[in-house]
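Please look over the sequence and the model shown here. A short report on a few of its parts follows.

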Amino acid sequence: MVQTDKYIALQDIYKWSDRLGLKIDGVEVKKGGVFLKQGQKCDYFYYIIEGLMRIFYYDREGHEVTHWFSSQDTMITSPDSFFNGNENILNFEALEDCKLLLVTHEHLEVASKNVPGFDELYRKLIVDYTIQLSRRIMSIHTESAEYRYLQMIKHHPNIFHRTKLSHIASYLGITIQSLSRIRRKLIS
């Protein structure tokens with residue numbers, strides 16, 4: 001999870017919106033709601049005001065694979081769809097009731113032209129996200145499942161009370177049975 005607020009905080013978005021006359025809509029998504037689905041076009045960069053989201057896709061056998069978790073003060077999008085206009089392959093599911101702001105390309109362009117330093121903040125946000133995603137992909141191939149699990153506990157301890165273990169196992173790239181074995185081993 002990339003904490004957006006260290007670059008672009010919610011109050012910054014509201015301030016820029018007021019100053020630039022931007023109408024940024026919000027949406028509420030109930031727990032269990034999948035509000036962006038595979039095959040739909042992603043028109044927004046979503047700022048999560050509150051709640052927890054799971055981003056997932058389907059593998060070749062049709063199983064859900066958890067790609068990412070995002071919570072309060074983070075931004076999510078389907079990058080290939082939002083930036084390139086390609087068909088979305090991700091699904092965004094609310095694991096809790098969520099409140100989101102809908103940031104469009106136009107909002108980003110207006111902020112880029114009119115808010116000093118915005119481009120630098122936005123670039124840092126994208127770089128941070130890219131680095132975290134790269135590290136996550138590499139960790140699946142270079143670190144043990146137990147180590148990945150321990151890192152998740154260290155960096156995101158609250159996630160275990162907010163989502164299903166099957167989602168966590170999928171995110172870690174292991175089966176639920178493997179996650180159970182790891183948890184039993186660490187408890188004993």
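## A buried loop residue and an open sheet

At a relative accessibility of 17%, Asp73 counts as buried, because buried means under 20% relative accessible area, exposed over 50% and partly exposed in between (1.4 Å probe, protein chains only). The model is predicted: local features need pLDDT of at least 70, side-chain atom pairs count only at pLDDT 80 or more, and totals for chains, interfaces and linings use all residues. Residues are numbered from 1 along each chain as its sequence is written, and side-chain values use heavy atoms, with hydrogens and water left out.

Asp73 sits in the loop between strands E5 (64-71) and E6 (74-76). Helices (H or I, at least four residues) and strands (E, at least two) are DSSP runs, numbered from the N terminus. The phi of Asp73 is near 65 degrees, a positive value in a residue other than glycine.

Strand E6 belongs to an open sheet of 4 strands with antiparallel pairing, in the order E1-E8-E3-E6. The edge strands, each pairing on one side only, are E1 (26-29) and E6. Two strands pair if DSSP finds at least two bridges between them. Strands E3 (residues 45-50) and E6 pair in the antiparallel sense over 3 bridges; Ile48 has Thr74 in E6 as its bridge partner.

The table compares two residues by relative accessible area.

| Residue | Relative accessible area | Class |
|---|---|---|
| Asp73 | 17% | buried |
| Leu186 | 34% | partly exposed |

Leu186 lies in helix H7 (residues 176-187).
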